[in-house]
Protein chains: 2
Amino acid sequence: MSDQRTELSRLGEFGLIAHLTKNFESKLDSTVKGVGDDAAVIYHSETESTLISTDLLLEGVHFNLMYMPLKHLGYKAVAVNVSDICAMNGVAEQITVSIAVSNRFPVEALEELYEGIKLACEHYKIDLVGGDTTSSLSGLMISITAVGKAKTSEITYRTGAKEHDLLVVTGDLGGAYMGLQLLEREKEVFKTNPSIQPDLDGHDYIIQRQLKPEARKDIIGFLKELEVVPTSMIDISDGLASEIFHICKASNLGCHVYDEKIPIDAQTSLAAIDFNLDPGTCALNGGEDYELLFTIAQSDFDKIKGNPNMTVIGHMTDANDGIYYIDKNGSAIELSAQGWNHFNSDQE
Amino acid sequence: MSDQRTELSRLGEFGLIAHLTKNFESKLDSTVKGVGDDAAVIYHSETESTLISTDLLLEGVHFNLMYMPLKHLGYKAVAVNVSDICAMNGVAEQITVSIAVSNRFPVEALEELYEGIKLACEHYKIDLVGGDTTSSLSGLMISITAVGKAKTSEITYRTGAKEHDLLVVTGDLGGAYMGLQLLEREKEVFKTNPSIQPDLDGHDYIIQRQLKPEARKDIIGFLKELEVVPTSMIDISDGLASEIFHICKASNLGCHVYDEKIPIDAQTSLAAIDFNLDPGTCALNGGEDYELLFTIAQSDFDKIKGNPNMTVIGHMTDANDGIYYIDKNGSAIELSAQGWNHFNSDQE
């Protein structure tokens, strides 16, 4: 090791991956897409490719067992990976689940975790096909790899958006983020006075958005029925602004996004106001909604028009036009990506 | 969570995986093999299936950075997964690498790790196609998933051995275990007196067996050339005895293994004697050699006869005959599996 010491926080999570993998070149014919999209693409034929996506979830970094029941955690861990396969316009079929766990967990706790994993496998119709189990020196860690398939010609990369394409989002945004704020607040109240019951009444939707998010496998089915192949797609794990940035950068385009078009549930808005937050900002920067963000050719607009699951929130522009958020007053604000960055925390 | 508390150590690593996944049934046509072999098998056609294998490596459990340089660790992490794909008679083509790392590591340390990963990718001709990077609260954790392919009809499962088949092992055994003993001893010496240089002269082979094991991809090539399809195969990660048990149990057979046939390198024997250990026991119970153990029909014996890379060490018998180790005096000793069991340690 050289004497130089560069702190991890200087690069950030995305910067670190890019930095460490920059000298890796894919050499095999079967590797269509390596690092840099929601999943890797392995070619078999024009009619079939395999999609591979992987995620690492750590206690204290990605989840807090104080308010995240293990069953929900298991479900969410699977859903998050299925979502990555959806973002390639594919269908997840298999997963592997590896866990590292400290002796502080009894077997019964892991049974709960696997109950959630099983529920998700049944819901998304996927098979658990492998994994590794080991002890850890601290806490719980889950590593999941999802394997999916797609018709090679219908795979949606982040790179495929074209100027004038419409930017579409599924479902509604900001709910998972507000659910997290609420759970964090009740945790603090509980710490101060354990006799006070958590006040989550009327917040069931946003709590569920945080604790039991769903991958939008249904959307992939709708798109097939409607005969729409998005020109690009990504799932919203880090927040709308961050994902828009990824698509713009990968496709070398700019974008106009309209605040008034962004779908936000009433419960999300009310909770945001209660926390003195702007609902639009929560929808733009809050992560973990696991909705899909995609672009379609304008000629496909009639096919999705009126579909309650999909909302057009903007359109793609030339890269030189920049990435703009048009607020309710019609003012254009240049967007900055504010995804989660685990390395900027002070955790050791 | 119920009030019952069952300690993880009561089940052990293999027991825990089996217990947690016992209610998972594979339902998709594409899932040929799920949990329970070296890799999962996903069917595409008679001429092609995808193999998926995954491994979790934790600092303090699977590796010790005090004597394992990060570059070696990166290489080994890849080799171990390639080995699993070899054990299915397949060829690894892609890997994903996820790491969780604490701020105690500078970027330069991770660069070293990835240098080793890159070397292994080049050596085994595989592409790095994805991964996840996150901060951890303690230490370094590596999760690797290997993706390989095989002709569907030539995939070797643990379940396929037949009575009278020959049991064959590649290379030599016990070296990695003796390398570890040596490194552990020098670590203790160093702790007591840091001015003493480690005495590893003449032990380069067994040190390399521990620090830079190779997956036997070459053997898969030899077998193809020789037109031998093993009836069953497994890689030796936990130790010969343990792997023999896996094949016998999966194939519902017994086995006779002959001590005098087990290939042991002279350096391994000398080191064992130096440590007052029986070389045969080290070869039988020491792990991490990553050689291949397989069974072939007797009719294939002429094809492998005289090949310096493969040694017949025994033959398969009826399950009722049991699993026996025949020592140098001709005495038959019933074997007990003694694989690594990470959960039996006292670590929290």
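In chain A of this predicted model, strand β10 (residues 253-258) and strand β13 (residues 323-326) run parallel and are joined by 4 bridges, where strands are DSSP runs of type E with at least two residues, helices are runs of H or I with at least four residues, and both are numbered from the N terminus. Two strands are taken to pair if DSSP finds at least two bridges between them. Within this pair, A:I326 of β13(A) is the bridge partner of A:Y258. Helix α7 (residues 240-251) of chain A packs on the sheet, where it touches β9, β10, β11 (292-296) and β13 of chain A, and its direction makes about 150 degrees with that of β10(A). Contact here requires that the C-beta atoms of two residues, placed from the backbone, lie within 7 Å, while axes are lines fitted to C-alpha atoms, for helices over the stretch in contact, with angles that run from 0 to 180 degrees between N-to-C directions.

The sheet of chain A is open and has 7 strands in the order β9-β11-β8-β12-β10-β13-β14, with mixed pairing. Its edge strands are β9 (232-235) and β14 (332-334) of chain A, each of which pairs on one side only. On average, and with direction ignored, neighbouring strands of this sheet are turned by 25 degrees against each other. In chain B, an open sheet of 7 strands with mixed pairing likewise has the order β9-β11-β8-β12-β10-β13-β14. Strands β10 (residues 253-258) and β13 (residues 323-326) of chain B pair in the parallel sense over 4 bridges, and B:H256 stands opposite B:Y324 in β13(B). Residues are numbered from 1 along each chain as its sequence is written, chains are lettered from A and ligands numbered from 1 in the order in which they are written. Because the model is predicted, local features need pLDDT of at least 70 and side-chain atom pairs count only at pLDDT 80 or more, whereas totals for chains, interfaces and linings use all residues.

Helix packing in chain A was also examined. The axes of α2 (residues 70-86) and α3 (residues 107-124) of chain A come within 6 Å and cross at roughly 40 degrees. That makes α2(A) oblique to α3(A), since angles under 35 degrees count as roughly parallel, over 145 as roughly antiparallel, 65 to 115 as roughly perpendicular and the rest as oblique. The crossing of α2(A) and α3(A) is right-handed, a term used if the near helix is turned clockwise from the far one by less than a right angle, and left-handed if anticlockwise. Residues that make this contact include A:L70 and A:V82 of α2(A) and A:A109 and A:Y124 of α3(A).

Chains A and B are superposed by a rotation of 180 degrees with 0.0 Å of shift along its axis (RMSD 0.0 Å), with least-squares fitting on the C-alpha atoms of residues with pLDDT of at least 70 in both copies. That is the relation of a two-fold axis. The contact between the chains takes 77 residues from chain A and 77 residues from chain B, and α3(A) supplies the largest share of the side of chain A that touches chain B, 9 residues. Because 100% of the interface residues of chain A are also interface residues in chain B, the copies meet through the same surface.
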